[in-house]
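Biologist: Hello! I am new to this one, so could you show it to me and walk me through its aromatic rings?

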Amino acid sequence: MDHDSADAPVVERSAGGRWPGHRRAWVTATAITATVAGAVATRARLRNWGATPEEIGSSLPGDDLLTADSASTRAIIVGAPCAEVWPWLVQIGQDRGGWYSYDWLENLFGLDIHSTDDLHGEWQHLTVGDVVRATPPGATGLPEGYAFRVALVDPPRALVLRQRPPEHPWNATWAFVLADDGPDRCRLLVRSRSTRSPGLAGRLSGLVGELLDPITLLMTRRMLLGIRERAERAHARGLPSSMTRRRVRGGRSGGRRQTGEPDKTKESPPRRGGDS
């Protein structure tokens with residue numbers, strides 16, 4: 001008999017060919033650890049879709065408004081300068097230019113959102129305290145609807161929206177920031193930050209937020225792409241960013257006069273594909 005073979009440790013299996021309990025526990029723990037690590041890495045990547053490590057760690061307008069328990073930064077490259085992207089950004093809102101996202105999906109819930117493919121003069125000016133609606137009054141069972149207040153506006157660089165008590169049970173900011181990224185190109189960043197309320201209500205709202213985050217990413221990503229498509233299409237046609245030479249659709253609104261210029265955006269080339 002081979003003494004080496006005789007002296008080698010023998011790993012016994014239990015009846016049915018299964019590993020002993022401690023081995024099964026080790027394999028299970030390893031699998032769970034790998035799954036959790038993968039989930040954490042995926043979650044971090046999705047929460048900060050498109051943003052560089054430098055952008056994620058940087059201080060942006062609106063960060064000083066609250067101390068956040070939760071934050072995400074998402075970003076995209078736009079092939080147009082900041083001044084030409086800003087007019088599309090500043091007219092966002094349910095009862096304004098829309099959200100440039102999945103209108104058909106939002107309208108399944110009666111949100112009455114219709115994202116425009118044109119720039120509107122009456123929607124080009126926001127001031128601190130203005131309301132930017134996400135839903136109309138009465139939608140989703142909310143008598144006053146769901147809306148943000150403008151907390152900061154710095155054309156053509158930053159627009160910060162906010163929700164806080166007593167209008168809302170949470171304290172949160174939603175910042176849109178434009179940064180130069182070379183000739184005729186910029187970065188569009190969207191940062192969400194929130195402070196959890198104390199007690200059970202805060203824990204529940206935090207849990208709901210985590211569960212809804214994949215949907216938030218889906219809608220935010222589509223919004224970023226929608227802004228990019230419109231800004232790049234206008235830039236490729238050489239359309240000026242100044243609203244004085246654009247036709248204002250929809251007639252008079254908010255005391256602003258229609259310019260009467262012909263619509264230069266009727267025909268649109270195919271949308272650019274890709275996410276970055």
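**Aromatic pairs and a covered helix**

Modeller: Happy to! This is a predicted model, and the structure holds seven aromatic pairs.

Biologist: What kind of pair do Tyr 146 and Trp 170 form?

Modeller: A pair of aromatic rings is described by the distance of the centres and the angle of the planes. For Tyr 146 and Trp 170 these are 6.4 Å centre to centre and 50° between the planes.

Biologist: How many residues apart are Tyr 146 and Trp 170?

Modeller: Tyr 146 sits in the loop between strand S2 (131-133) and strand S3 (147-154). Trp 170 is in the loop between strand S4 (158-163) and strand S5 (171-180). The pair links distant parts of the chain, 24 residues apart.

Biologist: Why does Tyr 146 count as partly exposed?

Modeller: Buried would require under 20% relative accessible area, and exposed over 50%. Tyr 146 falls in between, because its relative accessibility is 25%.

Biologist: Which class does the pair of Trp 174 and Phe 176 belong to?

Modeller: Both of these residues, Trp 174 and Phe 176, are buried. Their ring centres are 4.9 Å apart and their planes meet at 55°, so the pair is tilted.

Biologist: And how many residues of helix H4 are buried?

Modeller: Helix H4 covers residues 82-90 and is mostly covered. Its buried residues include Trp 86 and Trp 88.

Technical notes: Residues are numbered from 1 along each chain as its sequence is written. This is a predicted model: local features need pLDDT of at least 70, side-chain atom pairs count only at pLDDT 80 or more; totals for chains, interfaces and linings use all residues. Side-chain values use heavy atoms; hydrogens and water are left out. Rings of Phe, Tyr and Trp (its six-membered ring) pair if their centres lie within 6.5 Å; planes under 30 degrees apart count as stacked, over 60 as edge-to-face and the rest as tilted. Helices (H or I, at least four residues) and strands (E, at least two) are DSSP runs, numbered from the N terminus. Buried means under 20% relative accessible area, exposed over 50%, partly exposed in between (1.4 Å probe, protein chains only).
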